[in-house]
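Reader: I have a structure open and would like to learn how to read its features. Please take them one at a time.

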Amino acid sequence: MAKRSFLIPGVDKRLLIKDSLKVMPDLTRRRFIAGGASLGALTLLTGCDVVDSSSAEALLTKISKFNDAVQDFIFNPDALAPTFPESAITKPFPFNAYYDLDDAPDVDADDWKLEVRGLVDVKKSWTLQELYKLPQVTQITRHICVEGWSAIGSWTGTPLRDFLKLVGADTRAKYVWFQCADKDGYNSPLDMRTALHPQTQMTFKYANEILPRAYGFPMKIRVPTKLGFKNPKYVISMEVTNDYKGGYWEDQGYNSYSGS
Amino acid sequence: MSSLTVTDEQVSATKAKVIQPVWVRVMHWTNAFAMILMILSGWQIYNASPLFGFSFPREYTLGGWLGGALLWHFAAMWLLMINGLAYLVTGFASGRFAKKLLPITPSGVLHDVRAALTFKLGHDDLSVYNYVQRTLYAGIIVVGVLIVLSGLSMWKPVQLHWLVTLFGDYPTARYVHFFCMAAICAFLVVHVLLALLVPKSLRAMIIGR
């Protein structure tokens with residue numbers, strides 16, 4: 001197997017990687033390890049150094065794409081996420097991001113606009129006041145994080161499928177792609193069938209109050225049939241598209257479909 | 001004794017004492033491989049949001065980080081599930097489960113547990129499982145089914161919400177999944193230890209006799 005060119009002859013690869021990990025910022029470190037697919041235990045287990053091997057990574061990526069297809073196949077557009085009484089709401093509902101709350105986007109409601117583009121009839125930017133006028137519904141559902149924890153919350157907003165209809169979106173397109181105001185430019189693709197699911201929501205309120213900064217002011221997309229990272233917050237644009245444009249976490253190795 | 005007994009003896013003698021048929025051996029080692037991948041990647045996933053006040057040492061985890069571990073977990077699950085399903089079907093259809101694991105009687109279990117604890121439990125005939133073995137092997141099959149069902153509940157809590165209801169709710173399924181893993185690890189320790197203490201049983205699982 002071809003050695004990577006940056007490796008210096010005579011230098012222990014594993015120690016080198018260990019050392020370089022220490023000086024990397026956390027995010028880069030995660031991406032780097034994702035690229036290496038596996039360390040430690042697998043090396044011990046198989047006796048071969050898979051740090052150098054891209055074949056394991058390629059196979060895992062292929063299986064993850066296969067898993068996307070399986071999940072799309074078993075997705076039932078009529079199956080609703082379980083709903084809960086108000087008494088079941090998790091208090092306090094956790095703030096969760098790859099940054100601290102202090103670094104969360106501080107969006108100015110007057111300046112903010114939602115840009116709607118791509119395969120839609122009405123390409124325009126919507127002000128918050130315009131969006132607030134749309135009919136809203138409330139759901140109390142369980143938010144499930146890719147990390148395993150979950151929390152029940154109350155979200156109020158406009159069903160995305162109603163909005164897509166309003167702007168004349170081509171619902172035969174494959175994705176609705178969201179871009180956000182988070183630092184490093186968070187984004188995430190949502191498959192059209194999930195975008196049209198009755199519980200997928202453009203959320204403006206949490207617990208009947210205007211969505212606080214911690215939960216994605218001024219707008220998040222609540223998708224109770226997806227893991228939390230596919231529920232983008234601080235959304236600034238949505239694009240109806242047939243192209244797979246990738247996503248912040250999806251590009252780092254989280255399964256792209258990540259359906260519940 | 002009747003002539004039937006003689007016939008049985010003749011049959012077992014001519015078949016050169018195959019204790020573990022090929023399908024058992026192939027599925028056993030496939031399961032061992034898949035299970036280890038599942039456990040090591042599962043520990044990494046657990047570390048992302050521990051249920052209890054401890055984490056698993058990073059050296060004993062697979063995947064490098066949560067995303068990598070999830071890729072491993074959701075790849076190895078296919079191997080584990082397909083192999084496990086094939087094992088269950090073959091085990092029931094061939095009559096092996098009924099023949100090897102049954103009956104399990106309370107008095108038999110008590111007797112053999114007592115014998116095991118006083119080191120008087122023999123392994124002279126590897127083709128017959130004692131009551132401790134029967135209980136553990138039947139029990140670990142049940143745990144295996146439970147860990148897959150609780151895992152599916154966590155993977156697809158909306159599409160398979162009826163399955164989640166079986167466990168109560170999503171967080172409960174998560175605890176069930178964890179404790180099944182713990183049970184499998186405990187089984188693994190005893191299982192490997194005993195295989196090393198009775199090497200001919202390990203040999204039977206490799207070459208069949």
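Author: Start with the cores. A nonpolar core is a set of buried Ala, Val, Leu, Ile, Met, Phe, Trp, Tyr and Cys residues joined through C-beta atoms within 7 Å. Buried means that 20 or more other C-beta atoms, placed from the backbone, lie within 10 Å of the residue's own; 12 or fewer is exposed, and in between is partly exposed. In this predicted model, local features need pLDDT of at least 70 and side-chain atom pairs count only at pLDDT 80 or more, while totals for chains, interfaces and linings use all residues. Residues are numbered from 1 along each chain as its sequence is written, and chains are lettered from A and ligands numbered from 1 in the order in which they are written.

Reader: Which residues touch the most other members of the largest nonpolar core?

Author: The core has 36 residues, and those touching the most other members are Leu37(B), Met38(B), Ala69(B), Leu70(B), Trp72(B) and Ala76(B). H2, H3, H6 and H8 of chain B each give two or more residues to this core; helices here are DSSP runs (H or I, at least four residues), strands are E runs of at least two, and both are numbered from the N terminus. H3(B) has the largest share, 10 residues. Apart from this core lies another of 31 residues, including Phe204(A) and Ile236(A).

Reader: What is Ala69(B) in contact with, leaving aside its neighbours within four places in sequence?

Author: Two residues are in contact if their C-beta atoms, placed from the backbone, lie within 7 Å. For Ala69(B), the partners are Ser41(B), Gln44(B), Ile45(B), Thr61(B), Leu62(B) and Gly63(B).

Reader: How many helices and strands does chain B have?

Author: Nine helices and zero strands. Buried residues account for 26% of the 209 residues in chain B.

Reader: At what angle do H5(B) and H6(B) pack?

Author: Axes are lines fitted to C-alpha atoms, for helices over the stretch in contact, and angles run from 0 to 180 degrees between N-to-C directions. H5 (residues 106-117) and H6 (residues 131-155) of chain B pack at about 110°, with axes 7 Å apart. H5(B) is therefore roughly perpendicular to H6(B); that class covers 65 to 115 degrees, with under 35 roughly parallel, over 145 roughly antiparallel and the rest oblique.

Reader: How many residues does each chain bring to the contact between chain A and chain B?

Author: Chain B brings 29 and chain A brings 35. On the chain B side, H3(B) gives the most, with eight residues.
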